[in-house]
Amino acid sequence: MSTPATITVEDTRPACKVCGHRSHWLGDHLMEAHGMSVAEYLAAHPGAPTASQEALDKLATTLNGRRSAAPMPEDLTTNVMGYTQSVDVGVSEDLCLPMPRHWRWPSKGKASEAIKDAFLDILGDDETDVWVWGMPGTSKDSSIKALCASLRIPSVIVQIKPGQDLAPLFYVRALKDGNTFYEYGHVWKCITEGVVGSDGVRRGVLVLISDFDRADPAQIEWFRLVLEEGGRINGPDGKVFNLFPGTRFVATANTNGSGDERGRMVSAGVIDSSIMDRFNSAVEFKYMHWDDESAILRAKFPLVSEQQPAFLDQIGGATAALRKSIDRDDLYAEFSHRALCSVMGRAERILKVEGRWGNKSSRRAWRAWLCKLDRDNSDAAKAIIDSHMSGGALDD
């Protein structure tokens, strides 16, 4: 009897240097599983293949030798939430707000509709000032940062902290060589002078005012005149200066300016209605659809995504139930994207440090968030979560 010949199958697909995953094209895997662009991956692993020869041959056959020329810099565009916009290549990355880590544009549900409305207001008119509000973790600041980074919109952020003196952002009296003078801050210079691009042209700046509903009356007054139609600002000597053309303001908040009726945002106050009236538009942001939010989580926490996909799926059902209960005021808590990251982050650390997923791992992961709640709300949250986790994962 002859011995059957041994058949050896060679997998010619490139392997990911991070986790060993093989694919004809690694670009999508790198972004979804590890939050890395191809450029970042090649910087960490110089010369590593990212596409198989079969894929390259197929691409060459499909193109039939034809390739499209890259657009000229002045013709470069990108699509943001359905709006095709020009990218200002004359603005360097450091003049813009940074792209949030693992950002993904929402594609479904109310979050997509709200962000699209906000961008319509921001992109459609240089004179429109927008009030963006919503529950914690609804991507209010992140979406504006992503917009500015994608289109290279010159932008700065003013983070409101109750009681903080905002004068240094605009101007303060200074002393040098026995003489007093006024020293003008970065925000003043941006809104009155604009910023200069690499082409030497000045551009108007988008000012993101984060947590505006936490501003005290003294802080709010800095923005009264700049939010008027046409935009102006008083100088230290009483002289009124015009804002640089194209300057615009986007305020983010957890409330619509009337205070938090639920009592959860204790530092959010009521905003003077004459200030609110100066914003040309308001948009209420909603939580992302789970398909979009889970994609971000998979990129942030690749070990959980690859080794415990069932846990991530179960979290999706629990998240929807928790947020629904909070919205009905049945549960006194917040379950934002940051809260999700607390749970997923501990799950990721369990897999990374301990190297295994045990019977109590789900319980330990959820406790990263549950331990922030008082006993009654923690028990109520556990009851909601348990119905979505296999085996009553949170039972003590």
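Modeller: Partly exposed here means a relative accessible area between the buried class, under 20%, and the exposed class, over 50%. R224 has 21% relative accessibility, so R224 counts as partly exposed. The model is a predicted one. R224 forms a salt bridge with D272, and their closest N and O atoms are 3.4 Å apart. This pair links distant parts of the chain, 48 residues apart: R224 sits in the loop between α8 (217-221) and β10 (232-234), and D272 in the loop between β12 (248-253) and α9 (273-276). D272 is also partly exposed, at a relative accessible area of 35%.

Across the whole structure, a search finds 14 salt bridges. One of them joins the side chains of D291 and K108, at 2.5 Å from N to O. D291 is partly exposed at 36% relative accessibility, and K108 is partly exposed at 38%.

The side chains of D213 and R214 form a further salt bridge, with an N to O distance of 3.4 Å. Both D213 and R214 are buried, which means that each has under 20% relative accessible area.

Some salt bridges share partners: D88, D199 and R203 are joined in this way into one network. As background, side chains of opposite charge can pair when their charged atoms come close.

Technical notes. Residues numbered from 1 in each chain as written. Predicted model: local features only at pLDDT ≥ 70, side-chain atom pairs only at ≥ 80, totals over all residues. Heavy atoms only, no water. Salt bridge = Lys/Arg side-chain N within 4 Å of Asp/Glu carboxyl O. Buried < 20%, exposed > 50% of the residue type's maximum accessible area, 1.4 Å probe, protein only. Helix = DSSP H or I, 4+ residues; strand = E, 2+ residues; numbered from the N terminus.
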